[in-house]
Amino acid sequence: MHPLRMALCVSVLSTAAYAQFNPTFHVDCSHGESLQTAVTFALPGSTIVVKGNCIGPVLIITPGLTLDGRGTAAILGAGRDAVTINGAPRVTLSGLSVRSGNNGVVAQNGSGVTLRSVSVSGNAFSGILVRANSAATLNGGSSSGNGLYGVDAESTSSLNIVGAFASTGNAVFGLQVNNGSSLNLAAGNLTATGNVVGVQVGTNSAGFLDGASSINASNNFAIGLTMVSGAHMVDFGGAITASGNGLQGIALDSKSGLDLDAGAQVQANGNGGDGVHLEALSVMTIFNTPQFSGSSSTTTLRAQGNQANGVNLLANSAIFDTNYAALQVSGNSGAGIALDDGSAINFAQTVPVSGVQTNVTGNHPDLRITFASRATTLSNDTVGTANCDATSLVRGTLAITCPH
(Lines give C-alpha, C1' and ligand atoms only; values in the text may rest on other atoms or scores of the structure.)
Protein backbone atom coordinates (compact mmCIF):
# COMPACT_ATOMS: atom_id res chain seq x y z
CA MET A 1 0.00 0.00 0.00
CA HIS A 2 1.20 3.50 -0.80
CA PRO A 3 2.61 5.18 2.38
CA LEU A 4 0.33 8.24 2.06
CA ARG A 5 -2.75 6.07 1.60
CA MET A 6 -1.73 3.99 4.62
CA ALA A 7 -1.29 7.14 6.72
CA LEU A 8 -4.73 8.39 5.72
CA CYS A 9 -6.31 5.06 6.64
CA VAL A 10 -4.61 5.07 10.03
CA SER A 11 -5.75 8.67 10.58
CA VAL A 12 -9.38 7.84 9.72
CA LEU A 13 -9.39 4.75 11.92
CA SER A 14 -7.82 6.66 14.80
CA THR A 15 -10.34 9.48 14.52
CA ALA A 16 -13.24 7.02 14.48
CA ALA A 17 -11.86 5.13 17.45
CA TYR A 18 -11.30 8.27 19.51
CA ALA A 19 -14.76 9.59 18.67
CA GLN A 20 -16.32 6.27 19.64
CA PHE A 21 -14.55 6.02 23.00
CA ASN A 22 -14.89 9.74 23.91
CA PRO A 23 -11.34 10.35 25.15
CA THR A 24 -10.78 12.61 28.16
CA PHE A 25 -7.89 15.04 28.50
CA HIS A 26 -6.85 17.34 31.36
CA VAL A 27 -5.72 20.95 31.06
CA ASP A 28 -4.38 22.82 34.09
CA CYS A 29 -4.23 26.52 33.26
CA SER A 30 -2.74 27.26 36.68
CA HIS A 31 0.37 25.40 35.47
CA GLY A 32 0.61 27.36 32.23
CA GLU A 33 -1.12 24.83 30.00
CA SER A 34 -3.11 26.22 27.06
CA LEU A 35 -6.83 25.49 26.86
CA GLN A 36 -7.01 26.76 23.28
CA THR A 37 -4.27 24.37 22.19
CA ALA A 38 -6.13 21.43 23.70
CA VAL A 39 -9.39 22.55 22.05
CA THR A 40 -7.72 22.99 18.67
CA PHE A 41 -6.28 19.47 18.58
CA ALA A 42 -9.14 17.64 20.31
CA LEU A 43 -11.01 15.04 18.29
CA PRO A 44 -14.83 15.05 18.00
CA GLY A 45 -16.47 13.63 21.10
CA SER A 46 -13.56 14.47 23.39
CA THR A 47 -13.90 15.78 26.94
CA ILE A 48 -11.42 18.32 28.26
CA VAL A 49 -11.34 18.59 32.04
CA VAL A 50 -10.31 22.15 32.86
CA LYS A 51 -8.55 23.35 36.00
CA GLY A 52 -7.60 26.86 37.11
CA ASN A 53 -8.27 30.24 35.50
CA CYS A 54 -7.80 30.04 31.73
CA ILE A 55 -7.27 33.19 29.69
CA GLY A 56 -9.36 33.36 26.55
CA PRO A 57 -10.48 33.79 23.94
CA VAL A 58 -11.36 30.15 23.32
CA LEU A 59 -12.69 29.17 19.86
CA ILE A 60 -14.50 25.83 19.43
CA ILE A 61 -15.15 24.42 15.95
CA THR A 62 -15.01 20.71 16.85
CA PRO A 63 -18.35 18.83 17.03
CA GLY A 64 -19.25 17.03 20.22
CA LEU A 65 -16.57 18.65 22.37
CA THR A 66 -17.11 18.97 26.14
CA LEU A 67 -15.31 21.43 28.43
CA ASP A 68 -15.80 20.34 32.04
CA GLY A 69 -14.65 22.71 34.80
CA ARG A 70 -15.82 20.42 37.61
CA GLY A 71 -17.36 23.48 39.31
CA THR A 72 -14.05 25.26 39.97
CA ALA A 73 -12.45 26.33 36.66
CA ALA A 74 -12.94 29.67 34.93
CA ILE A 75 -12.45 31.11 31.45
CA LEU A 76 -11.62 34.83 31.39
CA GLY A 77 -12.31 36.81 28.26
CA ALA A 78 -9.63 39.43 28.89
CA GLY A 79 -11.61 42.01 26.92
CA ARG A 80 -12.54 39.68 24.03
CA ASP A 81 -15.35 37.14 23.64
CA ALA A 82 -14.45 34.52 26.22
CA VAL A 83 -15.81 31.38 24.49
CA THR A 84 -17.05 31.20 20.90
CA ILE A 85 -18.67 28.11 19.38
CA ASN A 86 -18.59 28.60 15.61
CA GLY A 87 -20.57 26.15 13.47
CA ALA A 88 -20.03 23.22 15.84
CA PRO A 89 -22.95 21.03 17.02
CA ARG A 90 -23.31 19.10 20.30
CA VAL A 91 -20.85 21.20 22.30
CA THR A 92 -21.17 21.13 26.10
CA LEU A 93 -19.82 23.55 28.69
CA SER A 94 -20.16 22.22 32.22
CA GLY A 95 -19.25 23.46 35.69
CA LEU A 96 -17.46 26.57 34.45
CA SER A 97 -17.32 30.25 35.33
CA VAL A 98 -17.10 32.51 32.26
CA ARG A 99 -16.41 36.18 32.85
CA SER A 100 -14.64 39.42 31.95
CA GLY A 101 -15.12 39.27 28.19
CA ASN A 102 -16.86 41.43 25.62
CA ASN A 103 -19.43 38.62 25.44
CA GLY A 104 -19.18 35.61 27.70
CA VAL A 105 -20.37 32.64 25.60
CA VAL A 106 -21.16 33.08 21.89
CA ALA A 107 -22.84 30.38 19.78
CA GLN A 108 -23.03 31.27 16.10
CA ASN A 109 -23.39 30.01 12.53
CA GLY A 110 -25.55 26.98 13.21
CA SER A 111 -23.86 25.91 16.42
CA GLY A 112 -25.49 23.82 19.14
CA VAL A 113 -24.35 24.15 22.75
CA THR A 114 -25.52 23.00 26.17
CA LEU A 115 -24.52 25.04 29.21
CA ARG A 116 -24.78 22.89 32.31
CA SER A 117 -24.24 24.66 35.66
CA VAL A 118 -22.26 27.45 33.98
CA SER A 119 -21.98 30.84 35.70
CA VAL A 120 -21.53 33.76 33.29
CA SER A 121 -20.88 37.22 34.73
CA GLY A 122 -19.23 40.60 34.38
CA ASN A 123 -19.04 40.77 30.60
CA ALA A 124 -19.15 44.11 28.77
CA PHE A 125 -22.01 43.21 26.46
CA SER A 126 -23.99 39.94 26.71
CA GLY A 127 -23.37 37.06 29.05
CA ILE A 128 -24.69 34.48 26.56
CA LEU A 129 -25.21 35.38 22.89
CA VAL A 130 -26.88 32.91 20.50
CA ARG A 131 -27.08 34.04 16.90
CA ALA A 132 -27.28 33.07 13.22
CA ASN A 133 -29.53 30.00 13.45
CA SER A 134 -27.84 28.48 16.48
CA ALA A 135 -29.28 26.69 19.52
CA ALA A 136 -28.45 26.79 23.21
CA THR A 137 -29.79 24.73 26.09
CA LEU A 138 -29.45 26.17 29.59
CA ASN A 139 -29.55 23.63 32.40
CA GLY A 140 -28.75 25.20 35.74
CA GLY A 141 -26.38 28.11 36.11
CA SER A 142 -26.80 31.86 35.75
CA SER A 143 -25.92 35.02 33.86
CA SER A 144 -25.46 38.15 35.96
CA GLY A 145 -23.97 41.61 36.06
CA ASN A 146 -23.41 41.94 32.33
CA GLY A 147 -23.26 45.31 30.56
CA LEU A 148 -26.23 44.73 28.24
CA TYR A 149 -28.05 41.39 28.26
CA GLY A 150 -27.88 38.35 30.45
CA VAL A 151 -28.98 36.12 27.55
CA ASP A 152 -29.65 37.22 23.96
CA ALA A 153 -30.92 34.92 21.18
CA GLU A 154 -30.98 36.50 17.71
CA SER A 155 -31.54 35.69 14.03
CA THR A 156 -33.80 32.60 14.09
CA SER A 157 -31.94 30.96 16.93
CA SER A 158 -33.46 28.83 19.69
CA LEU A 159 -33.05 29.00 23.44
CA ASN A 160 -34.15 26.06 25.60
CA ILE A 161 -34.32 26.08 29.39
CA VAL A 162 -34.48 22.89 31.43
CA GLY A 163 -33.98 22.95 35.17
CA ALA A 164 -33.33 26.24 36.93
CA PHE A 165 -31.61 29.24 35.34
CA ALA A 166 -31.25 32.78 36.71
CA SER A 167 -30.50 36.01 34.85
CA THR A 168 -30.05 38.81 37.35
CA GLY A 169 -28.62 42.30 37.67
CA ASN A 170 -27.97 42.89 33.97
CA ALA A 171 -27.97 46.47 32.67
CA VAL A 172 -30.75 46.05 30.07
CA PHE A 173 -32.52 42.70 29.50
CA GLY A 174 -32.27 39.67 31.71
CA LEU A 175 -33.22 37.51 28.73
CA GLN A 176 -34.22 38.42 25.18
CA VAL A 177 -35.22 36.35 22.16
CA ASN A 178 -35.47 38.43 19.00
CA ASN A 179 -35.66 38.45 15.19
CA GLY A 180 -37.61 35.23 14.68
CA SER A 181 -35.97 33.31 17.52
CA SER A 182 -37.67 31.06 20.07
CA LEU A 183 -37.72 30.46 23.82
CA ASN A 184 -38.83 27.08 25.11
CA LEU A 185 -39.13 26.00 28.75
CA ALA A 186 -39.55 22.24 29.30
CA ALA A 187 -39.60 21.60 33.05
CA GLY A 188 -37.60 24.82 33.16
CA ASN A 189 -37.61 27.50 35.84
CA LEU A 190 -36.42 30.91 34.68
CA THR A 191 -35.73 33.72 37.16
CA ALA A 192 -35.13 37.21 35.75
CA THR A 193 -34.81 39.81 38.51
CA GLY A 194 -32.87 43.02 39.09
CA ASN A 195 -32.59 43.88 35.39
CA VAL A 196 -34.10 46.89 33.62
CA VAL A 197 -36.42 44.48 31.77
CA GLY A 198 -36.73 40.90 32.95
CA VAL A 199 -37.75 38.96 29.81
CA GLN A 200 -38.48 40.24 26.31
CA VAL A 201 -39.83 38.20 23.40
CA GLY A 202 -39.19 40.49 20.43
CA THR A 203 -39.75 40.90 16.70
CA ASN A 204 -41.68 37.89 15.35
CA SER A 205 -40.26 35.57 18.01
CA ALA A 206 -42.08 32.91 20.01
CA GLY A 207 -42.10 31.59 23.56
CA PHE A 208 -43.55 28.45 25.15
CA LEU A 209 -43.64 27.01 28.65
CA ASP A 210 -45.15 23.70 29.68
CA GLY A 211 -47.03 22.76 32.83
CA ALA A 212 -43.85 21.92 34.74
CA SER A 213 -42.23 25.28 33.99
CA SER A 214 -42.22 28.76 35.48
CA ILE A 215 -41.03 32.28 34.74
CA ASN A 216 -40.38 34.67 37.61
CA ALA A 217 -39.86 38.13 36.10
CA SER A 218 -40.17 40.22 39.26
CA ASN A 219 -38.43 43.19 40.87
CA ASN A 220 -36.98 44.58 37.67
CA PHE A 221 -36.40 48.32 37.23
CA ALA A 222 -39.03 48.78 34.50
CA ILE A 223 -40.93 45.76 33.09
CA GLY A 224 -41.12 42.13 34.12
CA LEU A 225 -42.24 40.25 30.97
CA THR A 226 -42.90 41.82 27.58
CA MET A 227 -43.84 40.72 24.07
CA VAL A 228 -43.31 43.25 21.25
CA SER A 229 -43.50 43.60 17.46
CA GLY A 230 -45.52 40.57 16.51
CA ALA A 231 -44.08 38.24 19.14
CA HIS A 232 -46.22 35.52 20.74
CA MET A 233 -45.95 33.40 23.87
CA VAL A 234 -47.98 30.37 24.96
CA ASP A 235 -48.20 29.33 28.61
CA PHE A 236 -49.59 25.79 28.58
CA GLY A 237 -50.20 25.17 32.26
CA GLY A 238 -47.08 26.87 33.60
CA ALA A 239 -46.70 29.65 36.17
CA ILE A 240 -45.72 33.25 35.38
CA THR A 241 -45.01 35.78 38.11
CA ALA A 242 -44.35 39.40 37.15
CA SER A 243 -44.62 41.35 40.39
CA GLY A 244 -42.86 44.25 42.07
CA ASN A 245 -41.52 45.77 38.85
CA GLY A 246 -41.00 49.53 38.61
CA LEU A 247 -43.48 50.06 35.78
CA GLN A 248 -45.49 47.19 34.27
CA GLY A 249 -45.68 43.56 35.23
CA ILE A 250 -46.67 42.11 31.83
CA ALA A 251 -46.65 44.29 28.69
CA LEU A 252 -47.77 43.40 25.15
CA ASP A 253 -47.19 45.91 22.36
CA SER A 254 -47.47 46.21 18.58
CA LYS A 255 -49.55 43.19 17.49
CA SER A 256 -48.18 40.81 20.09
CA GLY A 257 -49.95 37.99 21.88
CA LEU A 258 -50.00 35.89 25.05
CA ASP A 259 -52.08 32.71 25.34
CA LEU A 260 -52.79 31.27 28.79
CA ASP A 261 -54.13 27.72 28.64
CA ALA A 262 -54.36 24.39 30.50
CA GLY A 263 -54.70 25.83 34.00
CA ALA A 264 -51.85 28.34 33.68
CA GLN A 265 -51.38 30.54 36.75
CA VAL A 266 -50.25 34.12 36.12
CA GLN A 267 -49.66 36.89 38.66
CA ALA A 268 -48.93 40.56 38.00
CA ASN A 269 -49.11 42.12 41.46
CA GLY A 270 -47.64 45.13 43.21
CA ASN A 271 -46.08 46.78 40.18
CA GLY A 272 -45.36 50.52 40.02
CA GLY A 273 -47.62 50.99 36.97
CA ASP A 274 -50.13 48.61 35.38
CA GLY A 275 -50.18 44.95 36.27
CA VAL A 276 -51.02 43.94 32.69
CA HIS A 277 -50.66 46.43 29.83
CA LEU A 278 -51.69 45.87 26.18
CA GLU A 279 -51.23 48.31 23.30
CA ALA A 280 -51.51 48.54 19.51
CA LEU A 281 -53.64 45.56 18.43
CA SER A 282 -52.21 43.15 20.99
CA VAL A 283 -54.25 40.21 22.30
CA MET A 284 -54.30 38.07 25.44
CA THR A 285 -56.37 34.89 25.40
CA ILE A 286 -57.19 33.22 28.73
CA PHE A 287 -58.85 29.84 28.34
CA ASN A 288 -58.99 26.16 29.17
CA THR A 289 -61.04 23.35 27.72
CA PRO A 290 -60.23 20.28 29.84
CA GLN A 291 -61.31 17.86 27.12
CA PHE A 292 -58.45 19.13 24.97
CA SER A 293 -55.81 20.32 27.45
CA GLY A 294 -56.05 17.39 29.88
CA SER A 295 -56.10 19.83 32.82
CA SER A 296 -59.18 20.43 34.96
CA SER A 297 -57.66 23.52 36.64
CA THR A 298 -58.96 27.03 36.03
CA THR A 299 -56.58 29.21 34.04
CA THR A 300 -56.23 32.29 36.22
CA LEU A 301 -54.82 35.80 35.77
CA ARG A 302 -54.31 37.81 38.97
CA ALA A 303 -53.60 41.56 38.86
CA GLN A 304 -53.69 42.94 42.38
CA GLY A 305 -52.25 45.85 44.32
CA ASN A 306 -50.71 47.68 41.36
CA GLN A 307 -50.08 51.42 41.55
CA ALA A 308 -51.94 52.16 38.29
CA ASN A 309 -54.48 49.81 36.66
CA GLY A 310 -54.81 46.10 37.18
CA VAL A 311 -55.36 45.49 33.47
CA ASN A 312 -55.04 48.27 30.88
CA LEU A 313 -56.11 47.75 27.25
CA LEU A 314 -55.24 50.46 24.72
CA ALA A 315 -55.42 51.07 20.95
CA ASN A 316 -57.62 48.20 19.73
CA SER A 317 -56.18 45.58 22.05
CA ALA A 318 -58.25 42.78 23.56
CA ILE A 319 -58.59 40.10 26.20
CA PHE A 320 -60.70 37.00 25.57
CA ASP A 321 -61.63 34.87 28.59
CA THR A 322 -63.21 31.55 27.65
CA ASN A 323 -64.49 28.45 29.48
CA TYR A 324 -62.44 27.36 32.53
CA ALA A 325 -60.69 30.70 32.93
CA ALA A 326 -61.00 33.63 35.33
CA LEU A 327 -59.58 37.03 36.27
CA GLN A 328 -58.94 38.07 39.87
CA VAL A 329 -58.40 41.84 39.85
CA SER A 330 -58.49 43.79 43.11
CA GLY A 331 -56.86 46.46 45.23
CA ASN A 332 -55.35 48.45 42.35
CA SER A 333 -54.92 52.21 42.76
CA GLY A 334 -56.42 52.85 39.33
CA ALA A 335 -59.09 50.91 37.47
CA GLY A 336 -59.37 47.17 37.83
CA ILE A 337 -59.83 46.84 34.06
CA ALA A 338 -59.45 49.91 31.82
CA LEU A 339 -60.37 49.90 28.12
CA ASP A 340 -59.71 52.75 25.70
CA ASP A 341 -59.53 53.54 21.98
CA GLY A 342 -61.52 50.65 20.54
CA SER A 343 -60.27 47.95 22.91
CA ALA A 344 -62.36 45.04 24.16
CA ILE A 345 -62.77 42.46 26.89
CA ASN A 346 -64.95 39.45 26.20
CA PHE A 347 -66.05 36.67 28.54
CA ALA A 348 -67.58 33.67 26.78
CA GLN A 349 -68.42 30.01 27.30
CA THR A 350 -68.40 27.46 24.50
CA VAL A 351 -68.71 24.52 26.94
CA PRO A 352 -70.78 24.34 30.15
CA VAL A 353 -68.79 25.74 33.08
CA SER A 354 -69.69 25.90 36.76
CA GLY A 355 -67.77 27.07 39.79
CA VAL A 356 -65.47 29.38 37.86
CA GLN A 357 -65.70 32.93 39.16
CA THR A 358 -64.18 36.16 37.84
CA ASN A 359 -63.91 38.92 40.44
CA VAL A 360 -63.09 42.54 39.66
CA THR A 361 -63.66 44.44 42.88
CA GLY A 362 -62.05 46.97 45.19
CA ASN A 363 -60.51 49.10 42.43
CA HIS A 364 -61.05 52.75 41.36
CA PRO A 365 -63.32 52.04 39.48
CA ASP A 366 -63.48 48.32 38.82
CA LEU A 367 -64.29 48.73 35.12
CA ARG A 368 -63.59 51.86 33.02
CA ILE A 369 -64.56 51.91 29.33
CA THR A 370 -63.88 54.86 27.01
CA PHE A 371 -63.64 55.89 23.33
CA ALA A 372 -65.52 53.16 21.46
CA SER A 373 -64.37 50.25 23.59
CA ARG A 374 -66.49 47.19 24.42
CA ALA A 375 -67.17 44.67 27.18
CA THR A 376 -69.11 41.40 27.17
CA THR A 377 -69.86 39.91 30.60
CA LEU A 378 -71.34 36.64 31.91
CA SER A 379 -73.38 35.60 34.93
CA ASN A 380 -70.28 34.28 36.71
CA ASP A 381 -68.55 37.68 36.52
CA THR A 382 -68.54 39.82 39.65
CA VAL A 383 -67.74 43.41 38.74
CA GLY A 384 -68.19 46.22 41.25
CA THR A 385 -68.21 49.82 40.07
CA ALA A 386 -68.30 50.60 36.33
CA ASN A 387 -67.81 53.81 34.35
CA CYS A 388 -68.28 54.17 30.59
CA ASP A 389 -68.74 57.01 28.12
CA ALA A 390 -71.37 57.43 25.40
CA THR A 391 -69.16 55.88 22.72
CA SER A 392 -68.74 52.58 24.55
CA LEU A 393 -70.78 49.37 24.49
CA VAL A 394 -71.51 46.90 27.29
CA ARG A 395 -73.60 43.75 27.01
CA GLY A 396 -74.33 40.79 29.21
CA THR A 397 -75.23 40.49 32.85
CA LEU A 398 -73.47 43.69 33.93
CA ALA A 399 -76.50 45.41 32.38
CA ILE A 400 -75.34 49.02 32.24
CA THR A 401 -76.16 51.57 29.57
CA CYS A 402 -73.36 53.95 28.57
CA PRO A 403 -72.71 56.67 29.55
CA HIS A 404 -72.67 55.45 33.10
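This is a dialogue on how to read several features of a predicted model.

Biologist: Where do I start with the chain as a whole, and how many helices and strands are there in it?

Modeller: Start with the secondary structure and the overall extent. The chain has 3 helices and 40 strands. Its C-alpha atoms fill a box of roughly 95 × 40 × 30 Å, taken along the principal axes.

Biologist: How should I read contacts along the sequence?

Modeller: Look at how far apart in sequence the touching residues are. Among contacts between residues at least 6 apart in sequence, 63% join residues at least 24 apart.

Biologist: Now the cysteines. What is a disulfide, and how many does a search of the whole structure find?

Modeller: A disulfide is a covalent bond between the sulfur atoms of two cysteines. In this structure the search finds 2 disulfides. With the bonded cysteines numbered in sequence order, the pairing reads 1-2, 3-4.

Biologist: Take Cys29 and Cys54. How far apart are their sulfur atoms, and is the disulfide right-handed or left-handed?

Modeller: The sulfur atoms of Cys29 and Cys54 are 1.9 Å apart. The disulfide is right-handed because the torsion about its S-S bond is about 95 degrees. This pair links distant parts of the chain, 25 residues apart: Cys29 is in the loop between strand S1 (24-28) and helix H2 (35-41), and Cys54 is in strand S3 (residues 53-55).

Biologist: Is Cys29 buried or exposed, and what about Cys54, buried or exposed?

Modeller: The cut-off for buried is under 20% relative accessible area. Cys29 has 14% relative accessibility, so Cys29 counts as buried. Cys54 is buried as well, with a relative accessible area of 1%.

Biologist: What is the handedness of the link of Cys388 and Cys402?

Modeller: The link of Cys388 and Cys402 is left-handed, with -105 degrees about the S-S bond. Cys388 lies in strand S39 (residues 386-388) and Cys402 in the segment after strand S40 (393-395), so the pair ties together parts that are 14 residues apart in sequence. The sulfur atoms of Cys388 and Cys402 are 2.0 Å apart. Cys388 counts as buried at 7% relative accessibility, and Cys402 is buried at 15%.

Biologist: How do I read the surroundings of a single residue? Which residues is Leu65 in contact with, leaving aside its neighbours within four places in sequence?

Modeller: Leu65 is found in the loop between strand S4 (58-60) and strand S5 (66-76). At 0% relative accessibility, Leu65 counts as buried. With neighbours within four places set aside, Leu65 is in contact with Val39, Ala42, Gly45, Ser46, Ile48, Ile60, Arg90, Val91 and Thr92. The C-alpha atoms of Leu65 and Pro89 are separated by 8.7 Å, and these two residues are 24 apart along the chain.

Biologist: Ser293 is a polar case. What does the side chain of Ser293 reach?

Modeller: The side chain of Ser293 reaches the backbone nitrogen of Ser295 at 3.1 Å. Ser293 is in helix H3 (residues 290-293) and is buried, with a relative accessible area of 15%. Not counting residues up to four places away in sequence, Ser293 touches Phe236, Asp261, Ala262 and Asn288.

Biologist: Last, the backbone. Is the peptide bond from Gly56 to Pro57 cis or trans?

Modeller: Read omega for that. The bond from Gly56 to Pro57 is cis, with omega near 5 degrees, and Pro57 is found in the loop between S3 and S4. The bond from His364 to Pro365 is also cis, with omega near -10 degrees. Pro365 is found in the loop between strand S35 (358-361) and strand S36 (367-369).

Biologist: And what is phi of Ala280 and of Leu281?

Modeller: Phi of Ala280 is near 55 degrees, a positive value in a residue other than glycine. Phi of Leu281 is near 65 degrees, likewise positive in a residue other than glycine. Ala280 is found in the loop between strand S27 (276-278) and strand S28 (283-288), and Leu281 lies in the loop between S27 and S28. Ala280 is partly exposed, with a relative accessible area of 27%, and Leu281 counts as partly exposed at 45%.

Technical notes:
Residues numbered from 1 in each chain as written. Predicted model: local features only at pLDDT ≥ 70, side-chain atom pairs only at ≥ 80, totals over all residues. Heavy atoms only, no water. Disulfide = S-S within 2.5 Å. Helix = DSSP H or I, 4+ residues; strand = E, 2+ residues; numbered from the N terminus. Buried < 20%, exposed > 50% of the residue type's maximum accessible area, 1.4 Å probe, protein only. Contact = heavy atoms within 4.5 Å. Polar contact = N/O pair within 3.5 Å; in protein donor to acceptor, adjacent residues only side chain to side chain.
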